[in-house]
Amino acid sequence: MNNMHEIWGQRFFHYVNELQKYMRYVFTGHLAIVFMFAIGAGGYAYSEWLKGVPVTFPSAFIISVVIALLLMKAAPTTLLKPADIVFFLPLENQLPNYMKRSKTWSTFSQLPLPLIAMVVALPLLKATEVGTGTDYILVMLLIIAFKGLFVATEYSVRIANHDFVWPDRVVRLVLTFLTIQFALTWSPVAIFIGILIAMLYAKYWDKKAAHYPFPYEQFIELEQNRMMRFYRFANYFTEVPHLVGSVSKRSWLKFAMKRSTFKRRDVQSYLVVRTFIRTDDTFWLWVRLTALSALGAFLIPLPIVSFIFVGALAFATAVQLILALEGGVEFTMDQLFPEMQEKSQIKAVRSLVRKLIWLQAIILLLAALPLYGLSVTPVLIAVVALIVGEATIRLTKEQVREI
């Protein structure tokens, strides 16, 4: 038992150090500014919207769906490694002690998001006269209880029947939705009924899992995929040696790729454009940030809030693309035959990012038209994105490329 506790403690300490190692690059001044503007703009728009929200607005339904979706996925964080298939065999009788700590950590690490969602939803519930203060406290306790039960349930389901993971999530999604919906609109008794059903459901899968051997390969793969998602996120801000980037041909964007020529001045432009389009991380980063900006321009009814929101995301787009495209350590053939023109790679990157900011601004202009109509506001939204993007390109320091 002590061995397993020591192993878990050592791995957890290493895991926290690994998170801190990369998160210090993520939460720099750049991202802090983006978060500050995004949260401020969103909070202001939300408070203004609440002033005119009708009492008949289906707040209980929407909040029940959101929290159910946030509670649905409850994959356990096991911190298992490939060598454990052999290393843990002599200690397999102590494995439940190890997994008990894993499930406890998984529960508490996954709780903040649904609890924050409930806190954010409280003003909406009050504005639409749904529930009471006691109901809100009970729903928060329900979230904590459900998260613990759901982590244990998914752990058992993965052992007993891996193919049933997603159907199990759907079952828990429906249970959570109905429990919160009835608790807010009918009676808090629904909370106790929901917890009882969740306990019986978890017990059923726990007993079923007891008849199966522990599937090391499945949980090791789950852990590796989880860490890989974190490394991909951190890779937007700094180089991650653990990460092997994926590429896609994306032949449907062939028209946007520059044709190869014999002119030496086109070499870096040719390489940078193809690198952006075919590298999954950088391409989908731009797509996500542009889609989020367009969604804000389409939904935020207050021009000043929309300006702040799209400006913050234009800043994030320019900074992260420059860091990703200029700061790479990958070997490319142009390093064997460098161009005579100084800093040609940096100029090519800045030129591409500038074009992407322009494309993002055009998309924002089109996205804002349905809300603001043929007025000056959509144009100003696009102009704000252009100004912030251009300023960021000019002020961002050049990245030194290591070979």
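Residues are classed as buried under 20% relative accessible area, exposed over 50% and partly exposed in between, with a 1.4 Å probe and protein chains only. The model is predicted: local features need pLDDT of at least 70, side-chain atom pairs count only at pLDDT 80 or more, and totals for chains, interfaces and linings use all residues. Residues are numbered from 1 along each chain as its sequence is written, and side-chain values use heavy atoms, with hydrogens and water left out.

Two loop residues were examined for backbone geometry. Most residues other than glycine have a negative phi. Leucine 79 has a positive phi, near 60 degrees. Leucine 79 sits in the loop between α3 (59–72) and α4 (84–87); helices are DSSP runs of H or I with at least four residues, and strands are runs of E with at least two, numbered from the N terminus. Leucine 79 is buried, at 7% relative accessible area. Glutamate 129 also has a positive phi, near 55 degrees. The loop between α6 (112–127) and α7 (133–160) holds glutamate 129. Glutamate 129 is exposed, at 64%.

The largest nonpolar core has 40 residues. Such a core is a set of buried Ala, Val, Leu, Ile, Met, Phe, Trp, Tyr and Cys residues joined through side-chain atoms within 4.5 Å. Phe276, Leu321, Leu352, Val353, Leu364 and Ile381 have the most contacts inside the core. At least two residues each come from α2 (29–50), α11 (267–278), α12, α13, α14 (344–372) and α15 (376–395). Another core, of 32 residues, lies apart from it and includes Ala121, Phe146, Ala183 and Ile191.

Helices α12 (residues 280–299) and α13 (residues 303–326) pack together. Their axes come within 9 Å and cross at roughly 175 degrees. Axes are lines fitted to C-alpha atoms, for helices over the stretch in contact, with angles from 0 to 180 degrees between N-to-C directions. The pair is therefore roughly antiparallel (over 145 degrees; under 35 is roughly parallel, 65 to 115 roughly perpendicular, the rest oblique). The contact (heavy atoms within 4.5 Å) involves Leu285, Trp286 and Leu289 of α12, among others, and residues of α13 including Phe309, Leu313 and Leu321. Leaving aside neighbours within four places in sequence, leucine 321 contacts Phe276, Thr282, Leu285, Trp286, Val353 and Leu356.

Threonine 179 lies in helix α8 (residues 165–185). Threonine 179 is buried, at 5%. Beyond neighbours within four places in sequence, threonine 179 contacts Leu142, Phe146, Ala190, Ile191 and Gly194. Its C-alpha atom is separated by 8.4 Å from that of serine 64, 115 residues apart along the chain.
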